[in-house]
Amino acid sequence: MTSIGQRSGNARTATPRVVIIGAGFGGIAAAIELRRHGLHAVTVLEAGPELGGTWFYNQYPGAACDVPSHLYSFSFAQRADWSRLCSPQSEILDYLRDVARDHGVDGLVRTNTRVTACVYDEDASVWRVDTESGETYEADALVVATGQLNQPAIPALPGRETFAGHSFHSARWDHDYDLSGKRVAVIGTGASAVQFVPEIAPRVASLRVYQRTGNWMLPRENRRYRPRLRRLFGHLPAVQWLRRQWVFHYGEFLTLLIRHPRTLGQIGHLRSALFMRRQLPDPVLRAKVWPDYTFGCKRVLFSSHYLPALARPNVELVTDAISELTPDGIRTADGREHAVDCIIWSTGFRPTDFMAPMRITGAGGQTLADAWSDGAHAHLGMTVPGFPSLFVMYGPNTNTSGGSIIFYLELQASYIRQALEHLRRGGFASLDVRPEVEAASDRETQAAFTGTAWTECNSWYRDDQGRIVANWPGFMREYRRRTETFDPAEYAFRSAWAPAPPSQPAQRDGEPRADPPTPEPGIAAASPGRSQP
Ligand code: NAP
């Protein structure tokens with residue numbers, strides 16, 4: 001058993017021991033924030049061979065962030081010398097490594113350590129975290145920072161296992177496989193495909209791109225910053241700050257368009273339609289590419305290079321449904337068999353599985369999978385009733401269509417730090433979000449989707465039941481307002497000496513509302529705080 005931090009006596013006067021799972025932007029943000037505020041007993045467990053998360057795994061050609069780097073970066077670690085508006089993958093990964101090193105948290109990361117199960121011991125008020133290699137870590141608080149986009153999805157198409165050629169997922173790019181001169185199929189046309197299709201198209205003999213749904217697109221040239229502009233950012237921090245502000249408000253504007261599809265959203269629709277028409281002079285190709293759903297319902301894609309790549313003579317856009325895979329390639333619903341050497345799955349991730357296949361068992365033996373059997377939900381995307389002192393980063397309903405996820409992660413790191421400070425100050429053993437608080441905030445979140453573009457199509461933001469569980473329905477500034485101050489009144493605190501209380505299920509939509517729970521013996525009354533808006 002590996003135990004971090006110290007505890008003394010009955011009350012937990014010492015610093016809580018925190019295990020963070022995942023060393024991507026979220027995990028690193030949390031580690032920095034906790035250490036900065038004197039919460040030193042932190043360990044970060046990372047399944048991969050190094051820190052970086054999504055920016056370590058997604059190394060496909062052309063991989064870059066489509067959110068400008070002045071916003072897609074930590075507010076406390078701003079850079080003047082980004083090479084481009086939207087930095088490439090290697091620059092973002094280097095940035096994260098540098099920030100982790102500069103803030104002294106890189107040494108906290110235990111790489112090649114895959115967590116298999118986390119079990120809450122109610123009597124001891126601790127989490128036991130099991131790893132694939134057989135180690136167990138004990139922690140007073142658990143931060144699950146594995147994100148929404150870490151498990152590649154490969155659809156179970158009929159005959160998939162019969163395909164005799166080479167294949168890989170875009171998030172696990174096989175750099176040892178030379179695509180030059182090969183007949184290549186790309187399945188999926190989302191944010192990843194639009195970045196790598198223009199890169200590989202000139203290299204391959206032929207490229208078939210299988211599109212199920214067209215996308216609304218906006219321009220992104222992504223030229224290098226002129227040295228003079230970078231010098232200006234370096235010499236005048238105010239200019240750099242203004243740049244960040246501009247990108248922030250542009251992101252909020254995009255969200256505004258998505259929130260009002262019938263009115264302001266028409267501006268986005270028109271802008272996108274004009275851009276796409278200009279990029280697609282061929283009416284046949286244009287008709288195939290054209291999306292049939294409301295602007296902003298799925299992620300709007302930014303590329304000035306993808307649509308022209310589809311018009312190359314060696315590229316074919318296939319919009320017939322895939323009926324099966326064969327040993328030689330792909331058969332489509334029109335009966336055609338397309339022989340290919342390699343299939344690249346660009347079919348996205350399993351975002352609504354969240355941290356599965358990791359098994360998380362909370363109070364009363366309830367697993368998170370059971371608690372979320374009717375769809376994932378968490379208070380502010382972070383805390384789930386019955387899972388004491390567990391915090392999720394980039395959890396349910398915290399994905400953004402218009403902003404920067406780094407902005408959300410920083411707020412979450414600060415919220416978690418405030419919660420743990422409260423725990424430490426009060427000498428409490430654990431905290432648990434009150435079920436009625438979580439249920440109310442879930443209802444509020446779901447209600448906020450009404451009338452927005454997100455409701456107007458099927459997308460990866462929804463779970464199997466159709467609930468939108470990936471996205472935050474509002475603006476970045478709204479998430480900041482809701483999370484910037486931890487409210488102890490929303491939580492039940494357990495004293496170190498107290499027996500474990502029975503856990504209470506949360507109320508979901510349509511179920512009768514329970515009365516607020518009567519404090520159990522040993523549940524410390526929460527100190528008065530900000531009331532729920
Ligand atoms: P994605 O956007 O989810 O796209 C998956 C693609 O695969 C879609 O075109 C989807 O079609 C298609 N697909 C899925 N299942 C299929 C099936 N059974 N048969 C045929 N087609 C199928 O995945 P992604 O491109 O990897 O991007 C995922 C997310 O990662 C993005 O939305 C974004 O949040 C993030 N990302 C961000 C950046 C960035 O620059 N910031 C870059 C890449 C990715 P349908 O549309 O019909 O479902």
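Here are some questions and answers about this predicted model, its ligand site, surface patch, salt bridges and backbone.

This is a predicted model, so local features need pLDDT of at least 70 and side-chain atom pairs count only at pLDDT 80 or more, while totals for chains, interfaces and linings use all residues. Residues are numbered from 1 along each chain as its sequence is written, and side-chain values use heavy atoms, with hydrogens and water left out.

Q: How many residues surround the ligand?
A: A residue makes the list if one of its heavy atoms lies within 4 Å of the molecule. The closest ones are Asp 66, Thr 189, Ser 192, Thr 213 and Lys 298.

Q: How much of the ligand's accessible area does the protein cover?
A: Accessible areas come from the Shrake-Rupley method with a 1.4 Å probe. On its own, the ligand has 900 Å² of accessible area. The protein's cover comes to 84%.

Q: Which helix gives the largest share of the nonpolar surface patch?
A: Patch residues have over 30% relative accessible area and no salt bridge, and nonpolar side chains (Val, Leu, Ile, Met, Phe, Trp, Tyr) are joined within 5 Å. The patch here is Trp 246, Tyr 250, Phe 253, Leu 264 and Ile 267, with about 480 Å² of accessible area together. Helices are DSSP runs of H or I with at least four residues, numbered from the N terminus. Three of the patch residues come from helix α6.

Q: Is Arg 17 buried or exposed?
A: Arg 17 pairs with Asp 140 in a salt bridge, 3.0 Å from N to O; the rule is a side-chain nitrogen of Lys or Arg within 4 Å of a carboxyl oxygen of Asp or Glu. The two sit 123 residues apart in the chain. Buried means under 20% relative accessible area, exposed over 50%, and partly exposed in between. Because its relative accessibility is 3%, Arg 17 counts as buried.

Q: Why does the salt bridge between Arg 97 and Glu 50 tie together separate parts of the sequence?
A: The side chains of Arg 97 and Glu 50 meet at 2.6 Å, N to O. Arg 97 lies in helix α3, while Glu 50 is in the loop between β3 and α2, so the parts joined are 47 residues apart in sequence.

Q: Where is Phe 354, a residue with positive phi?
A: Most residues other than glycine have a negative phi, and most peptide bonds are trans. Phe 354 has phi near 50 degrees. At 2% relative accessibility, Phe 354 is buried. Its place is in the loop between β18 (342-345) and β19 (359-361).

How values were computed:
Patch = residues over 30% accessible without salt bridge, like charges linked within 9 Å, V, L, I, M, F, W, Y side chains within 5 Å. Buried < 20%, exposed > 50% of the residue type's maximum accessible area, 1.4 Å probe, protein only.
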